[in-house]
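Subject: Structure handover

Hi,

Here is the structure I promised to pass on. Please open it next to this email while you read.

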Amino acid sequence: MAKQQTFADKMSKVAKTAKKCPVCDAPVIYVKTIQPVENGSGNYRFRTQMTGVCKCNGQEFKI
Ligand SMILES: [Zn+2]
């Protein structure tokens, strides 16, 4: 039987491996965000990018 990972296990793993923010001292979690990019002729494309989120900007990303 597979060992079930609890949410707390996952979070402690994230806290151990994540970089710490030098400003708020909280672990930085990387989330995928989608950014609209104009290609010069008025059309928009969407680019996914990984953004580091900590307590400084967590409100913005609703974490
Ligand atoms: Zn921070």
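Below is what I found in it, from the overall picture down to single residues.

First, the ground rules. This is a predicted model: local features need pLDDT of at least 70, side-chain atom pairs count only at pLDDT 80 or more, and totals for chains, interfaces and linings use all residues. Residues are numbered from 1 along each chain as its sequence is written.

Confidence
The predictor gives each residue a confidence, pLDDT, from 0 to 100. The chain's mean pLDDT is 83. A value of 70 or more is reached by 83% of its residues. Where pLDDT is low, the predicted coordinates should not be read in detail.

Layout
The chain holds one helix and two strands. Helices (H or I, at least four residues) and strands (E, at least two) are DSSP runs, numbered from the N terminus. From that end, the order is α-β-β. α1 covers 7-17 and β1 covers 29-38. β2 spans residues 44-53.

The two strands
β1 and β2 pair in the antiparallel sense, over 10 bridges. Pairing here requires at least two bridges found by DSSP. V31 stands opposite T51 in β2. Five residues sit between the strands of this hairpin. In the hairpin, G40 takes a positive phi near 100 degrees.

Burial
A residue is buried if 20 or more other C-beta atoms lie within 10 Å of its own, exposed if 12 or fewer, and partly exposed in between; C-beta atoms are placed from the backbone. Of the chain's 63 residues, 3% count as buried. β1 lies largely in the open, because the number buried among its 10 residues is zero. β2 is hardly covered: its buried count is one among 10 residues.

Contacts
Two residues are in contact if their C-beta atoms, placed from the backbone, lie within 7 Å. Take contacts between residues at least 6 apart in sequence: 30% of them join residues at least 24 apart.

Three residues to look at
- T33 is in strand β1. T33 is exposed, because it has 12 other C-beta atoms within 10 Å. Leaving aside neighbours within four places in sequence, T33 is in contact with Q49 and T51. T33 and G52 are 19 residues apart in sequence and 9.8 Å apart in space, C-alpha to C-alpha.
- Y44 lies in strand β2. With 10 other C-beta atoms within 10 Å, Y44 is exposed. Its contacts, again leaving aside neighbours within four places in sequence, are P36, V37 and E38.
- D25 lies in the loop between α1 and β1. D25 is not a glycine, yet its phi is positive, about 65 degrees. Is D25 buried or exposed? D25 is exposed, because 9 other C-beta atoms lie within 10 Å.

Best wishes
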